[in-house]
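Hi everyone, thanks for making time. Let me put it on the screen.

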Amino acid sequence: MRNIIPALLSIGVGFAISFFGLDFYSDSLENENNIIAQSSEVTAPVETSSEEEEEDPEENLTVNESSANSGSIDTENIQKSFDNWESYTKENIDLMSTFIPLDDEGAVMEKGIFLTLLRTGAYIPVKSEKDGKVQYQLTGIDDSADEKIKKSIVSKASIAHQYFKMEGKKLPDYNFVDLKGKAHNKADTKGKLLVIKCWFITCKVCVEEFPELNELVDKYKDDKIEFVSLAFDKKDELVEFLETKEFKYPTIPEQKDYMAKKLKVKQYPTHLIVDANGIIIKMVSNVKTLTSELERIMGK
């Protein structure tokens, strides 16, 4: 922890009283009403765009669940170039997943503080595994590291922090009606795990996920899980589109405002897991992490 203290002091009083300073920073991000639409090509840093530009997909933050040994990772090489950093994070890091957060000396710390420290641009996360559990450890970023690396981790950590803050909150009131006229409200989903996908037709990766999401519907068909998708698009557009793309989630049209304003979604696709009492227990940005989180929750 001795290396963290100077980092905290270095960003001034505004960070020392992080409840005000960093929450203000996080809120300012929310007020930008930016979204991220992911593409299947991970060749650039995370970039935000106006919600009116949702036709432009960005990067795919899929994660490889293979284990890594932090002792064998060349952290200097990771930071030698932005391409090295992107390649490493694509294969190893998903800040929205379930992991054990460690400080720069390997001590377990609270996830909110971990993400807050990443948002300062002073650290990168490095993956390791212990007793079958994934760990991310704070590692000081090199002074010579590409500025894009710092901007990338700050952006990703900021969105992850926003999603982390939503976990533990009640799902905002809803009374959805899907394309087939079926209602989906709290009475209908009471006692069930609710899985929500946030997407829109022109989001490439949102659509590419359909086959794997269909497999999840089949896998959990005998369990008390309800799958629902919320889309930007109008009913007639969705009906026409889904005639050519099989998607087993019931789909609710014209939910852009609910996703952006109520769920605080900043990235598409986004998936929510809501418990039987209507509490958001996880918000993630890709189907691979959704799959692993459901396995963890359901025990299969």
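**Pockets and cavities**

A search of the whole structure turns up two cavities of 30 Å³ or more. Please keep in mind as we go that this is a predicted model. As for the general idea, rolling a probe the size of a water molecule over the atoms shows where empty space is left.

Let's begin with the largest pocket. It holds about 430 Å³ of space. Which residues sit closest to its centre? They are Lys180, Lys248, Tyr249, Pro250 and Thr251, out of 21 residues that line this pocket.

Now, where does that lining come from? Strand 9, residues 225–231, and helix 11, residues 235–242, each supply at least two residues of it. The largest share belongs to strand 9, with three residues. If we sort the lining of the largest pocket by class, we get 10 nonpolar, nine charged and two polar residues.

Next, the second largest cavity, with about 30 Å³ of space. What lines it? Here we find Tyr174, Phe176, His184, Thr189, Leu194, Ile196, Glu226 and Val228. By class, five residues of this lining are nonpolar, two are polar and one is charged.

Note on methods:
Residues are numbered from 1 along each chain as its sequence is written. This is a predicted model: local features need pLDDT of at least 70, side-chain atom pairs count only at pLDDT 80 or more; totals for chains, interfaces and linings use all residues. Side-chain values use heavy atoms; hydrogens and water are left out. On a 1 Å grid over the protein atoms alone, a cavity is a set of points where a 1.4 Å probe fits but cannot get out, and a pocket is an open set with protein on both sides within 12 Å along at least five of seven lines; lining residues have an atom within 4 Å of a point. Grid points are joined across faces, edges and corners, and a volume is the space filled by probe spheres set on the points. Helices (H or I, at least four residues) and strands (E, at least two) are DSSP runs, numbered from the N terminus. Ala, Val, Leu, Ile, Met, Phe, Trp, Tyr, Cys and Pro count as nonpolar, Asp, Glu, Lys and Arg as charged, and the others, Gly among them, as polar.
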